[in-house]
Amino acid sequence: MPTFGDLKLSRRDMLMGTAATLALGNAPNTASAQDAGVSGGAVALAAGTPSLAKVSFTVNGAAHDLNLDTRTTLLDALREHLHLTGSKKGCDQGQCGACTVIVEGRRIASCLSLAVMHQGDAITTIEGLGTPDNMHPMQAAFVKHDGYQCGYCTPGQICSAVAMLDEIKAGMPSHVTADLEATPQLTNAELRERMSGNICRCGAYSNIAEAITEVAGSPA
Amino acid sequence: MKFDTPATTNPIDQLKVIGKPLDRIDGRFKTTGTARYSYERHDVVPNPAYGHVLGAAIAKGRIKSFDLAAAKSAPGVLAIVTADNAGALDKGKNNTAKLLGGPEIEHYHQAIAVVVAESFEQARAAAQLIRVDYQDDGGSFDLRAGMADAKPAKVLGGPADSAVGDFATAFAAAPVQLEQMYSTPDESHAMMEPHATTAVWDGDRLTLWTSNQMIAWGVGEVAKTLKMPKENVRLVSEYIGGGFGSKLFVRTDAILAALGARAAGRPVKLTLQRALVFNNTTHRPATVQRIRIGADKDGKITAIGHESWSGDLPGGKPDGAVSQTRQLYAGANRMTATRLAVLDLPEGNAMRAPGEASGMMALEIAVDEIAEKLAMDPIEFRILNDTQVVPDNAKEASKESQTVGSASKSELPFSQRQLVQCFQTGRDRFGWAKRNPKPGEVRDGRWLVGLGVAAAFRNNQLTKSAARVRLEQDGRIVVETDMTDIGTGSYTIIAQTAAEMMGVPIDKVVVLLGDSAFPVSAGSGGQWGGNNSTAGVYAACIKLREMIAQKLGVNSAEAAFTDGEVRTGARGVALADAARDGALSAEDGIEYGDLDKKYQQSTFGAHFVEVGVDAATAEIRVRRMLAVCAAGRILNPKTARSQVIGAMTMGVGAALMEELVVDKRRGFFVNHDLAGYEVPVHGDIPHQEVVFLDETDPMSSPMKAKGIAELGICGVAAAVANAVYNATGVRVRDYPVTLDKLIDKLPAVG
Amino acid sequence: MKPFSFERPNTPAEAAAAAARVDGAKFVAGGTNLLDLMKLQIETPTHLIDVNRLGLDKIEASSDGGLRIGALVRNSDLAADQRVRRDYAVLSRALLAGANGQLRNQSTTAGNLLQRTRCPYFYDTNQPCNKRLPGSGCSALHGFSRQLGIVGTSDACIATHPSDMAVAMRLLDATVQTVNGAGAERRIAIADFHRLPGDTPQIETTLQRGELITAVTLPKPVGGKHIYRKVRDRASFAFALISVAAIVQRDGTGRVALGGVAHKPWRVEAAEAAMPRGAKAVAEQLLAEAMPTEQNAYKRPLVERTLGAVLAEAKG
């Protein structure tokens, strides 16, 4: 369908975008660019001069070497530099969860993390979980249970849900875990508490809970 | 196609595709992050510059001077646009305040500048270098202080005041009376995608990829604001990250992206930072409401009066909180009044079910209160006071008077009204019989438990809507209309409509939405989008069927479009054959006669809520929710149910936490982020149940459908508040119902 | 956000030395509070020192029977640690009541202690705020104060410390360990770590310039029933209106600390002697000096009632 996203297109754009980013902009502050990633020797910046720094990480299995303004958040690096716009900016303050991505197996708010803090990290975004023609089970369950409406919080909900199930498997407790020393189970209350960092203003919570429960393989 | 007589049997009634709980056709894109929103159009705008908006630091006054020097010379800056260099701008007719302020400042965080730079980080940093010297003129920021000077103001579609019979005498004579004041706070839409636009100029032609619910309105408003011909403006809004009314109108993101792009000579994209959403854009205005109900000893309403005060900027509009009170319950003697105070707070405007949402928050507590005074079950009271005709048809009165409607006893019938059936169905389903009518009696561990109920009511609106439908050579059907999908499911119900009409499976339908290059639709607002936009597609499909029949040489009246074939009698021809010489394209729309004047078209429901209130802390948690709705044909039960549960969720927010807090000294909403303005999270919402009553409404359109998305929020908050009362015996009439309003009135701990 | 240079040292000593050397340097750990404040230019470091890879992410038993928690241990890991869940459950509970799953994966032990207030006027750079701009005035005192402090406040500031974890740390008599640019180590009792606002609300802790938190240590477990009760409008992902942390022994003695009422975790050891007499007696002493605003006066009965529920739970 021509109206909808096209993954092949986005991958090509991604490469173009990276090149464009390298080409544009201002002369890097040489000292800080060289110093980034190594210890010592930092030099305070002249007021207002942007500082560039190199960072390398993998996103959805693909390696990226970027030279970024140090102010760039992981979220903006993904969206604006790698053109992986599945991760959303809802508040840019860590208050909504739309930017949730999985770094080294853990869900984080990518808007409150600098890209340069992720040297060597393995990052998974919604685009890395599945594609329109080959959806991850969690993505398919969201479709089946109508676990979204406008779709803007959805990638964050799904990334969060996938990582959340791993947290339960790893035995991590939550606020509603009755017995801290017991192994937590995926009850309805646990699921809702653990997903509470992902706001859905459309109010699809009841359906999202059913989607996650189905994937987890236990009754709602 | 003119729709001016009640619908009879038509191809939609086959219900092969319509009425089925199909998955959304855009679902696999939304869930894989491949649906592109307005700020994400790297596919069509590869190298945009970034805009960052600066909001005013005062509520009312003037900019004495700008110091832009540091910002201009900041790294990467391409342009700065302020009112000084923007050129002459007009104001959209739906905007109360200007979208680019200066030198006058009309409200806090009104946009006063946009900085365009090579990168997002540079634009933001440069905007923070702008120094502004203000003259702060103070202003009026307190609704309660402004009530005395508030002026009569017309409510949407009706007069400021309405009267039937003799309210004052009847109320005074009523053996059982209720008179109470209620208040609802300012609320924010808080949709997850802040307003965002990517703007590209090609000569004097402007294209905006923008997050907007109403494409055709938007084109007109952009053209008017920028003083350019409508023909030179194109709006595209393929995906919208929520709106709830905040994106009905063109906002500053679209205008400043366009101005920034012109100044920079580059495509520009910008999104409002979340902090600006609360004070820069619109909100649901706060209300103070007085409700008086008089009843006879048997519980029949003899007098009902509802007055509402709200505020807005000069030239603005009131909240229509009294609207439903003209139509919902019987009673021979009635009055409503709407007053508007001038406030220098940000612009009040439509938010999901404007009017009814805040009106029902008050009215449905009042009904609970008088039922209790009568020692009646609140459901029985509502059933007793049901009406099948509109008791106060203030629209008629408005023709005679701009402000005071004359007494008019109307015989305007409702096209369908299953309010009683909603309550009866819900009562059984929810286990209402187990409710203890004496409050504060039910305990479950640490929780005081209560049940509450409220009516849901919202009118259905008819608006013309057009579409273009094309049969491709490969047999696919392509639908084009400027209708938007703000999460409502438009893509899917439009595909279902075309599939049903053309006799093809839904995966043979391609739906293209949200582009002003397409025929003008109803757009998304006022819960009118679903019925009207699909009716427009229906009309275009009827036309395409005729073209196909003609091409195939069959009589269209006898032709059945089914299973990818056109059948007449025993003979069947593949649908695609009609396009063998080239695609066939038909454009038409639905237009309405006066069926909505002869019959009041409304949607009805009943909300049931169970809450627990912590006996020590007074924390309130919703435990169970049920909505029973009667809203015409349900085109897709899956997406319609989602609309209702979403509205129920927003209703819980309105009941328990949402409040834009006004700083009455400086005139702004203080809690302007998503940590301060709390909306419900997963943990606040239990499993929600929705029941749709079987209903088709032949007066509404060939689809026989009505709106559902706003019905779902009306009454929810009152059902929650009534449940809290049932749990605790504490009646809170000022929303949100929070623990600090209960804590001193609960029994001692222990 | 102002531009800043960035470095990633390898040892705590290098980090502290860098901070001492560069004017306007700041450490960044999880970044969950600092980056938000930098975007709004409430924080404007010129140089960020990434302390995430200094090897400070371990939880170890200490020789005195307690626990040494590395400064960079993530909140989620600390909450899930079996020793913490068993012996310091109030800490686990407090951590799990804070923020959300994502932020707990990012936030660190040291960073959590250093969170800045969530007072909305502190966050709005157009408004006067003595904490953000000393001498500009307190907008909250006569403004929106429903969430703000009722005890230990001053005319200059009524902000609260937003942390849940810190309340539990205070209850557990934790000690903060630091190193400075000269390599000198220091131990600061948690009671002395956070300051009351007084006339200098911009100074929130007793840390000195360039001083890096390396660990937080807990003394050996004290047993008893551990309870952390956080009260909020929203069921989750919200800052506390108030919170009560308690350790109650079988004989009814124990400890109590409050969150959401003051510029620091609020504990008055003298009040704990009243615990066997019940919540009212304790609350009266805890809040003896309270000066609530009209908007947050509800916190006083709320504290008493919540404490009552906590003590009842401990018994039952």
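These exercises, each with a worked solution, cover a predicted model with chains A, B and C.

In this predicted model, local features need pLDDT of at least 70 and side-chain atom pairs count only at pLDDT 80 or more, while totals for chains, interfaces and linings use all residues. Residues are numbered from 1 along each chain as its sequence is written, chains are lettered from A and ligands numbered from 1 in the order in which they are written, and side-chain values use heavy atoms, with hydrogens and water left out.

**Exercise 1. Chain A**

Task: Find how many helices and strands chain A has, and what percentage of its residues count as buried.

Solution: 
- Step 1. Take helices (H or I, at least four residues) and strands (E, at least two) as DSSP runs, numbered from the N terminus. Chain A has eight helices and five strands.
- Step 2. Write their order. From the N terminus it reads α-α-β-β-α-β-β-β-α-α-α-α-α.
- Step 3. Apply the burial classes: buried is under 20% relative accessible area, exposed over 50%, partly exposed in between (1.4 Å probe, protein chains only). Of the 220 residues in chain A, 64% are buried.
- Step 4. Get the surface by the Shrake-Rupley method with a 1.4 Å probe, where for residues only the protein chains shown count as cover. Chain A has about 7,200 Å² of accessible surface, and carbon and sulfur atoms hold 55% of it.

**Exercise 2. Chain A against chain C**

Task: Describe the interface of chain A and chain C by residues, area and salt bridges.

Solution: 
- Step 1. Count contacts (heavy atoms within 4.5 Å). Chain A puts in 58 residues and chain C 52 residues.
- Step 2. Take the buried area, the accessible area (1.4 Å probe) that two parts lose on being put together, summed over both. The two chains bury about 4,100 Å², 52% of it on carbon and sulfur atoms. L112(A), M117(A) and L180(A) supply 17% of the area that chain A buries here, more than any other three residues.
- Step 3. Look for salt bridges (a side-chain nitrogen of Lys or Arg within 4 Å of a carboxyl oxygen of Asp or Glu). There are three across this interface. R106(A) pairs with D77(C), with 2.2 Å between the closest N and O atoms.
- Step 4. Assign elements. On the chain A side, α2 (30-35), β4 (106-109) and α6 (154-169) each supply at least two residues. The most come from β4(A), with four residues.

**Exercise 3. Chain A against chain B**

Task: Describe the interface of chain A and chain B by residues, area and salt bridges.

Solution: 
- Step 1. Count residues. Here 68 residues of chain A contact 75 residues of chain B.
- Step 2. About 5,900 Å² is buried between the chains, 56% of it on carbon and sulfur atoms.
- Step 3. List charged pairs. The rule finds seven salt bridges. In one, D133(A) meets R28(B) at 2.8 Å, N to O.
- Step 4. Assign elements. Those giving two or more residues from chain A are α1 (7-23), α3 (74-81), α4 (126-129), α5 (137-144), α6 and α8 (205-216). α8(A) gives the most, with five residues.

**Exercise 4. S92(C)**

Task: Decide whether S92(C) is buried or exposed.

Solution: 
- Step 1. S92(C) sits in helix α5 (residues 89-96) of chain C.
- Step 2. Read the accessibility. S92(C) has a relative accessible area of 0%, so S92(C) is buried.
- Step 3. Find neighbours. Leaving out residues up to four places away in sequence, S92(C) touches L180(A), A79(C), V84(C) and R85(C).
- Step 4. Check polar atoms. A polar side-chain atom of S92(C) is 2.5 Å from the backbone oxygen of A79(C).

Methods. Polar contact = N/O pair within 3.5 Å; in protein donor to acceptor, adjacent residues only side chain to side chain.
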